[in-house]
Amino acid sequence: MSAPKKLWIKTYGCQMNVYDSERMASALAAAGYEQGDTPDDADLVILNTCHIREKAAEKVYSDLGRLKPLRAAKAAAGGRMQIAVAGCVAQAEGDEIMRRQPVVDMVVGPQAYHRLPAMAERVARGDGPQIDTEFPQEDKFDHLPEAPRARRAPAAFLTVQEGCDKFCAFCVVPYTRGAEVSRPAARILSEARGLVGRGVVEITLLGQNVNAWHGEGPDGGGWGLGELVRALATIEGLERIRYTTSHPNDMDEGLIAAHAEVGKLMPYLHLPVQSGSDRILKAMNRRHTAEDYCRLVERIRAARPDIALSGDFIVGFPGETDQDFEDTMTLVRSVGYASAYSFKYSARPGTPAAEESDQVPEAVKAERLARLQALLAEQQTAFQASCVGREMPVLIEKPGRHAGQMVGRSPWLQAVHLAADASLLGRIVPVAIETTGPNSLAGRLVG
Ligand code: 5AD
Ligand code: SF4
C-alpha cells in the first residue's frame, strides 16, 4: 500500500464551513489523504473560505501568498503541493482567484465538494487548473461520507438546509450559497440517529437560514423546523437540540410552540435583527420592522421565559444617520441580549448596498461600533452575573486546561469550567455556578 498523502485544511468563517471541512476531509480520506495540522510538506492544501465581510476574503489572498514558498519547497524536493480554494470566496471570485494567484490548482464552490477527489486526480494527471462552482440539483451530502468522529465529542453539528432566498441588501450568501435548499427530514433523522449511536448527546442543526427549513413528514404532511425538532426529540439518547442561524420572519407558530413544549430544545436563540431603525431595515430588505421584531421576541419569551437571546448587528449601513443608530441602541436596550455579534458594514461586490452612494465614513462606523459593543458587553456581563448562585445542568464536553478540570456547556451555550473526572465526559450533570468571566462560568459539581 502506498503511503497516505498529506492533507491540510484551513477553515475560515462560520460553523457551516467547519462542518463542510470535516466532510471534505472524510471524502478525501477515502482517496488516501490523511489530515495533518500543518501545511508544510502537504500534498493537498484546502483553504475553506468565507466571503461575508471584507477582511475574511483578504486573508485568503495573504494566506495564498504564504503558501507559495511551501509549494516551491515541495516542488524542489520532487513532490507536488496542490492548492484548492473552497467555500464562499471560491464561489464568488473563482476566475479572479485563478488570475491573481496562479499557485491555485482548484477552485471548488460549496455545492461541489463531493467532486473534489476527482478534481485532485485530474490536476495530478496534468489536466491543468480545475474550477467547479456549479449549483447542482442533487444533495451534496448524498455523496459525502459522514465525518468520522474520532474523538468522542458529545456535541455535533448537522446541516439541515443551505442557501438563502432572503437577499438582504448587504449579504453575499444568496449568491455564494445559492437558493434555499432543505435536506429531506428522513435523511436528517437517520443522520441524527447515527450520531447518537456514536455517543452524541447534543445536536445543533445548521443552516444559513435554518428556520426556513421545510420538508415532508413521514405522514406526507408539510413540516417546518418545529416539527423536525419534535421528531428529533423522540430519539432516545439525544438530550439537547439547538439550531442556528434564524431569520425573524421564519419564526413560525410551530417553532415557537416547540420552545414551550420540547424540553430538549435549549433555551438559547440566535435571532439577528441587524438594525433597530425601520428606515435602515427597509433599505436592508429585511422585510420586518423593529416593532415586529420586538413583538416576536415577546412571543418567544412568553413560550420560554428563560430563553437567552443573541443577535447580529451591522453599523454604518449606507445612509445610516445618527438617529438610525440611536434606534439600534434603543432596540438593544429594550430586548436585552445575553450575547451578540456586531460588525461595521463592509461593501460586498455584487450586492445592492455596495452600489449605494451614501456610504458611511469609516471613522463614524468605528465610533458607532464601539458604543454598540460597550452596551452589548454590559448586557452580556449582566446575564453572566445573573447565573451566579444558580444550579444548572451542564453537558461535560472536554478536558479543561488544568489537570482535574473539565469544560462543559450550560443550556444557554455558556462554557462552564469545573473540577470533575474525565469519566463524566458526555454526561449532563448539575453544577452550582460560583463565579463568571466575560465568556464563561465556573462552578462545582453538585451531589
Ligand atoms: N457587512 C457587515 N456585516 C455583514 N454581515 C453579513 N454581511 C455583512 C456585510 N456586508 C453580518 C450580518 C450577518 C452576519 C453573519 O454577518 O450581521 O447576520
Ligand atoms: Fe444573508 Fe441572513 Fe439575509 Fe440570508 S437572511 S441574505 S444569509 S443576512
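In this report Ala, Val, Leu, Ile, Met, Phe, Trp, Tyr, Cys and Pro count as nonpolar, Asp, Glu, Lys and Arg as charged, and the others, Gly among them, as polar. By that scheme the shell around ligand 1 holds five nonpolar, two polar and four charged residues.

The model is predicted, with local features requiring pLDDT of at least 70 and side-chain atom pairs pLDDT 80 or more, while totals for chains, interfaces and linings use all residues. Residues are numbered from 1 along each chain as its sequence is written, chains are lettered from A and ligands numbered from 1 in the order in which they are written, and side-chain values use heavy atoms, with hydrogens and water left out.

**Ligand surroundings**

A residue is taken as near a molecule if one of its heavy atoms lies within 4 Å of it. Around ligand 1 these residues are Ile52, Arg53, Phe170, Gln274, Asp312, Ile314, Phe343, Lys344, Tyr345, Ser346 and Arg348.

| Residue | Protein atom | Ligand 1 atom | Distance |
|---|---|---|---|
| Arg53 | polar side-chain atom | oxygen | 2.8 Å |
| Phe170 | backbone N or O atom | nitrogen | 3.0 Å |
| Ser346 | backbone N or O atom | nitrogen | 2.7 Å |

Taken alone, ligand 1 exposes 400 Å², of which the protein buries 87%; these accessible areas come from the Shrake-Rupley method with a 1.4 Å probe, and for residues only the protein chains shown count as cover. Two or more residues of this shell are given by each of strand S15 (308–315) and strand S16 (339–344), where helices (H or I, at least four residues) and strands (E, at least two) are DSSP runs numbered from the N terminus.

Ligand 2 is surrounded by Cys164, Lys166, Phe167, Cys168, Phe170, Cys171, Val173, Pro174, His247 and Arg286, a shell that divides into seven nonpolar, one polar and two charged residues.

**Domains and a loop residue**

The domain assignment, which is automatic or from a database, gives domain 1 (5–132), domain 2 (140–386) and domain 3 (391–445). The centres of domain 1 and domain 3, taken over C-alpha atoms, are separated by 36 Å.

Gln414 sits in the loop between strand S18 (405–409) and strand S19 (415–419). With a relative accessible area of 5%, Gln414 is buried, where buried means under 20%, exposed over 50% and partly exposed in between (1.4 Å probe, protein chains only). The side chain of Gln414 makes a polar contact with that of Ser410 at 2.7 Å. Leaving aside residues up to four places away in sequence, Gln414 touches Phe383, Gln384, Cys387, Gly408, Arg409 and Leu441, contact meaning heavy atoms within 4.5 Å.

**Backbone geometry in loops**

The loop between strand S2 (33–35) and strand S3 (44–49) contains Asp41, a residue other than glycine whose phi is positive, near 65°, and which is partly exposed at 40% relative accessibility. Thr38 lies in the loop between S2 and S3, and its side chain reaches the backbone nitrogen of Asp40 at 2.8 Å.

Arg287, in the loop between helix H9 (278–283) and helix H10 (290–303), has a positive phi near 65° and is exposed at 62% relative accessibility. The peptide bond from Thr244 to Thr245 is cis, with omega near 5°, and Thr245 lies in the loop between strand S13 (240–244) and helix H8 (253–261).

Key
Polar contact = N/O pair within 3.5 Å; in protein donor to acceptor, adjacent residues only side chain to side chain.
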